[in-house]
Amino acid sequence: MRTVQVRTERWPLHTPFVIARGSRSEAQVVVVTLTQQGETGSGEATPYARYGESAQSVMAQIAAVEPALREGIGRDVLQQLLPAGAARNAVDSALWELECRLQQQDRWQLLARQAPAEVEMAQTLSIGAPESMAASALAWWEKGVRLLKVKLDAHLITERLVAIRTAVPEATLIVDANESWHSEGLAARCQLLADLGVAMLEQPLPAADDAALANFIHPLPICADESCHTRADLPRLQGRYDMINIKLDKTGGLTEALALAEEATGRGLAVMLGCMICTSRAIRAALPLVSGARFVDFDGPTWLAGDVEPALRFSPGRIALSHAAEQ
Ligand SMILES: [Mg+2]
């Protein structure tokens, strides 16, 4: 017999996070805790309005599967009971952690994967004035960060990118437009990015406009984020995108994320990993995906004023892993 607890937590940010869709100053997460045979497993998810989610809707979805969870269902059955999204992620992550505790193994061991000593990750530059984005880029570079993710909207694209590139001529830059661009003019923007040595462009167009990317010759890789949630999306994305951004809050947990990564790779799509604004608890759940990812964008917790205990060991552009931290 299992017990199930569900709660929300609010985590204030130390600095507002600004992307094309808007600004936020706190993260509201939903946490599921399962207890069985004296062991507990917790999972966290960040409901996302872009995908029609709120804390309330996610709590309601979880409440609907609580009886089945109390009866002891596993991750396989869960995939049938809830659709992909934050609610399934919170539960799937809690089931993974519970499984680890009951078997006294970490996620890496359960998957027979080797944990790296550290993970290199992108630091995100949120949208601001060109000179302040350039100053942030330089500050991160001087702290040792070599991979920067530049958030952009449809304004000041040249000014922002030129200022950043001038400040950090040797940094690897990836750009995320969060669906804010249009197909008209996209070719010229892609050429500008390529000329500035940008390594990848994430989700330039609204997901509904994906068809515009078919037969679109582009000088740098384009990555699907808002357009890619689960394996079901892959046939539609092939030939339009070169890469996908996997996030547990979209896949509905590590179980589908592992399958998505494998199938995407098999179809010739490269993989990057992302996260919402979240605590270390949510990043820890996704860590076994890092092997095979071209870019890892796990800096969500570094935007928070505080973090869960134990927190992952973040330093600029890096996460140091240890056995205890991975559990
Ligand atoms: Mg993105």
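Is cysteine 228 buried or exposed? Cysteine 228 is buried, with a relative accessible area of 1%. The legends below take this predicted model view by view.

**View 1. Two cysteines, cysteine 223 and cysteine 228, without a disulfide.** A pair of cysteine sulfur atoms has to lie within 2.5 Å to be counted as a disulfide, and by this rule the count comes to zero. For cysteine 223, the nearest cysteine sulfur is that of cysteine 228, 8.2 Å away. Seen from the other end, cysteine 228 likewise has the sulfur of cysteine 223 as its nearest, at 8.2 Å, and is in no disulfide. Cysteine 223 is buried too, with a relative accessible area of 0%.

**View 2. The open sheet β1-β2-β3.** Here three strands line up in the order β1-β2-β3, and their pairing is antiparallel. The edges are formed by β1 (2-19) and β3 (39-45), each of which pairs on one side only. On average, neighbouring strands of this sheet are turned by 20° against each other, direction ignored. Zooming in on one pairing, β1 and strand β2 (residues 22-36) run antiparallel over 14 bridges. Within this view you can find valine 4 standing opposite leucine 34 in β2.

**View 3. Helices α1 and α3 across the strands.** Helix α1 (residues 55-71) lies across β1 and β2, and runs at about 155° to β1. Helix α3 lies across β1, β2 and β3, with an angle of about 155° to β3.

**View 4. A closer look at helix α3 (residues 86-103).** How many of the 18 residues of α3 are buried? The count is 14, so the helix is largely enclosed by the rest of the structure. Its length can be checked too: at 1.5 Å a residue, the 18 residues should span 26 Å, and the end C-alpha atoms are 26 Å apart, which agrees. Just after α3 comes glutamine 104, which takes a positive phi of about 55°.

**View 5. Valine 119 and its contacts.** This residue lies in strand β4 (residues 118-120). Valine 119 is buried, with a relative accessible area of 4%. Which residues does valine 119 touch, leaving aside those up to four places away in sequence? The contacts are Leu287, Val290, Val296, Gly317, Arg318, Ile319 and Leu321. For a sense of distance within the model, glutamine 191 is 72 residues from valine 119 in sequence, and their C-alpha atoms are 30 Å apart in space.

Key:
Residues are numbered from 1 along each chain as its sequence is written. This is a predicted model: local features need pLDDT of at least 70, side-chain atom pairs count only at pLDDT 80 or more; totals for chains, interfaces and linings use all residues. Side-chain values use heavy atoms; hydrogens and water are left out. Buried means under 20% relative accessible area, exposed over 50%, partly exposed in between (1.4 Å probe, protein chains only). Helices (H or I, at least four residues) and strands (E, at least two) are DSSP runs, numbered from the N terminus. Contact means heavy atoms within 4.5 Å. The expected span of a helix is 1.5 Å times one less than its number of residues. Two strands pair if DSSP finds at least two bridges between them. Axes are lines fitted to C-alpha atoms, for helices over the stretch in contact, and angles run from 0 to 180 degrees between N-to-C directions.
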